[in-house]
Amino acid sequence: MKRARRTLCALLALALLCGAGLAEMVFDGVVTGGDAQYVLAPFGGVMDAVNVRAGDRVQPGQVLASIQTTRVYADVEGTVSGVFGREGDATEGVSERYGGVLFIEPTNKYAIAASTEKAYNRSENKFIHVGETVYLKCTSDGSHRGVGVVTGMGEKAGEYNVEVTGGEFYIAETVSIYRRSDYAESSRIGRGTVAAAKVVAVKGSGSILKMHVENGDFVERGELLFETVSGALDGLYAPGNEIVCEVSGIVAGVDAGAGSSVEKGGKILSIYPDEGTRIEMQVRESDLGLIYEGMPVDIEFNWDLQRVTRFEGAVAGISYLSSNASAGGEEGQGAVSAAAEEPTYTVYVNFTPDDTVRLGMTVLVYTRDGHDAGEAAN
């Protein structure tokens, strides 16, 4: 009789188990970002701007941030010659070898080394002012005339330099220098010798990120020549100073703000790629036999009160570590906790999100084939 009762109870339990296997199961889940992908600095420097914040959605090709560059401008008007620097080069090494990253042949091709020795004998003619406009006339027959500007003082008292801004002269020609355009003798402040203006060397500092001119280009004063960054670059490889997104996803965090220094390979920010977005749900130990990897599921979002949004997904994995397991503490605490409640395990569900999905959203996950799950478990 007892044996018959036991058999009957076993049959009832089996029937209940089979009925549970056939029923659709529903689990609560949460959208998580999976593994974050780091965005690293291609070279060292100072962050110029960071255009995103944690939680922002980003797309491929979007500019996430930029690193400051130093812009080197032409300080004279002229023709670019002798461009020795290339993108990726260290300016210091190029300048040490060639004397400059590039050179400019000034439009004003004459310079005069002058002195007040032959100035008209008036006290005010002994005082020369940098930046003042002067008038030039050759001493031979006065046929060559022009205009110049005082650009600096010489090493010895009474010596000064003039840049010729207008007029034609012979190299090594001697000219008298006047303060007045009518060349009045009383305004003569000295005499000098015409020479070819020196080619201007442009050096810069740091590594060359971008060259904006090439040999033969005519540049005006203040025109951009090249840009540099403070960090080293890999040989001749020189990416732009903008950091561009390569994946679609959600910004997990920003590690380097505007104005902060970063080293080459340093972390600027991190992104949860859409392809890694998944759902995590807790499944009781007694239900594990009804879940298997690859199992298709339906996912339901209820954040929109006007409609229910559904996605298809599949079980991607099941944790082998109970969520109730103690990670530490005094001996025996884990056993007490496990005895207090049924252990649960984390189940991961993959799906393809759209722009409406946000990390941390709660969802309902419906199993499609509980019967097949039971069979797979057996």
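Is alanine 172 buried or exposed? Alanine 172 is exposed, at 54% relative accessibility; exposed means over 50% relative accessible area, buried under 20%, and partly exposed in between (1.4 Å probe, protein chains only). The model is predicted, so local features need pLDDT of at least 70 and side-chain atom pairs pLDDT 80 or more, while totals for chains, interfaces and linings use all residues. Residues are numbered from 1 along each chain as its sequence is written, and side-chain values use heavy atoms, without hydrogens and water.

**Positive phi**
- Most residues other than glycine have a negative phi.
- Alanine 172 has a positive phi, near 75°.
- Alanine 172 sits in the loop between strands E12 (159–167) and E13 (174–178); strands (E, at least two residues) are DSSP runs numbered from the N terminus.
- Tyrosine 183 also has a positive phi, near 60°.
- The loop between E13 and strand E14 (188–196) holds tyrosine 183.
- Tyrosine 183 is buried, at 13% relative accessible area.

**Threonine 228**
- Threonine 228 belongs to strand E18 (residues 224–229).
- Its relative accessibility is 1%, so threonine 228 counts as buried.
- A polar atom of its side chain lies 2.8 Å from the backbone oxygen of serine 205.
- Leaving out residues up to four places away in sequence, threonine 228 touches several residues, including Thr69, Thr91 and Ser205; contact means heavy atoms within 4.5 Å.

**Aspartate 274**
- Aspartate 274 lies in the loop between strands E22 (267–273) and E23 (278–284).
- Aspartate 274 is buried, with 15% relative accessible area.
- Arginine 57 is 217 residues from aspartate 274 in sequence, but 9.7 Å away in space, C-alpha to C-alpha.
- Beyond four places in sequence, aspartate 274 touches Arg57, Ser248, Gly249 and Pro353.

How values were computed
Helices (H or I, at least four residues) and strands (E, at least two) are DSSP runs, numbered from the N terminus. A polar contact is a pair of N or O atoms within 3.5 Å; within protein, one must be able to donate a hydrogen and the other to accept it, and residues adjacent in sequence count only if both atoms are side-chain atoms.
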